[in-house]
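The following note sets out several points on the structure shown below. Please read it alongside the coordinates.

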Amino acid sequence: AKSEENAALIGKTEIPRRVVDNLRNTTAPPSRWTSNSLEDFSLFVVLNLAQWSGAKKALIEAGAVDAIRPIMHEGDLQGLKATMSCAFLEADW
């Protein structure tokens, strides 16, 4: 329950919007992201927050699905994280 409470609190901040903005505004293709880069970490945050109803709405409102849908086609770890995020966000396929 603690994780869900934390996600709900984070969902009320600007964090969801900022991590989605990081993904939307990057110029580097996902295949070039290094481990723990800003983009890699932002996608990790989206994936983790998308699992909780308290933050899901904030991610959807921030445009997370549109920002990460192109990453799904990468076919590597980033693509997997994007696909899982979209599934948690109940994106239309």
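**Notes on the predicted model**

1. N36 is exposed, with a relative accessible area of 65% (buried means under 20% relative accessible area, exposed over 50%, partly exposed in between, with a 1.4 Å probe and protein chains only). The residue lies in the loop between α2 and α3 (helices are DSSP runs of H or I with at least four residues, strands runs of E with at least two, numbered from the N terminus). N36 is not a glycine, yet its phi is positive, about 70 degrees. Most residues other than glycine have a negative phi.

2. E90 belongs to the segment after α6 and is exposed, with a relative accessible area of 60%.

3. On provenance, this is a predicted model in which local features need pLDDT of at least 70 and side-chain atom pairs count only at pLDDT 80 or more, while totals for chains, interfaces and linings use all residues. Residues are numbered from 1 along each chain as its sequence is written, and side-chain values use heavy atoms, leaving out hydrogens and water.

4. The protein chain has an average pLDDT of 94, and 99% of the residues score at least 70 (pLDDT is the predictor's confidence in each residue, from 0 to 100).

5. How do α2 and α3 pack? Their axes are 9 Å apart, at an angle of about 135 degrees (axes are lines fitted to C-alpha atoms, for helices over the stretch in contact, and angles run from 0 to 180 degrees between N-to-C directions). The two helices are therefore oblique to each other (angles under 35 degrees count as roughly parallel, over 145 as roughly antiparallel, 65 to 115 as roughly perpendicular and the rest as oblique). On the α2 side, the contact includes I15, V19 and L23; on the α3 side, it includes L38, L43 and V46 (contact means heavy atoms within 4.5 Å).

6. The axes of α3 and α6 come within 8 Å and cross at roughly 30 degrees, which makes α3 roughly parallel to α6. D40, L43, V46, L47 and A50 of α3 meet Q78, K81, A82, M84, S85 and F88 of α6.

7. Within α4 (residues 53-61), the residues A55, K56, A58 and L59 are buried. These buried residues pack against α1, α2, α3, α5 and α6. G63, which follows α4, has a positive phi near 85 degrees.
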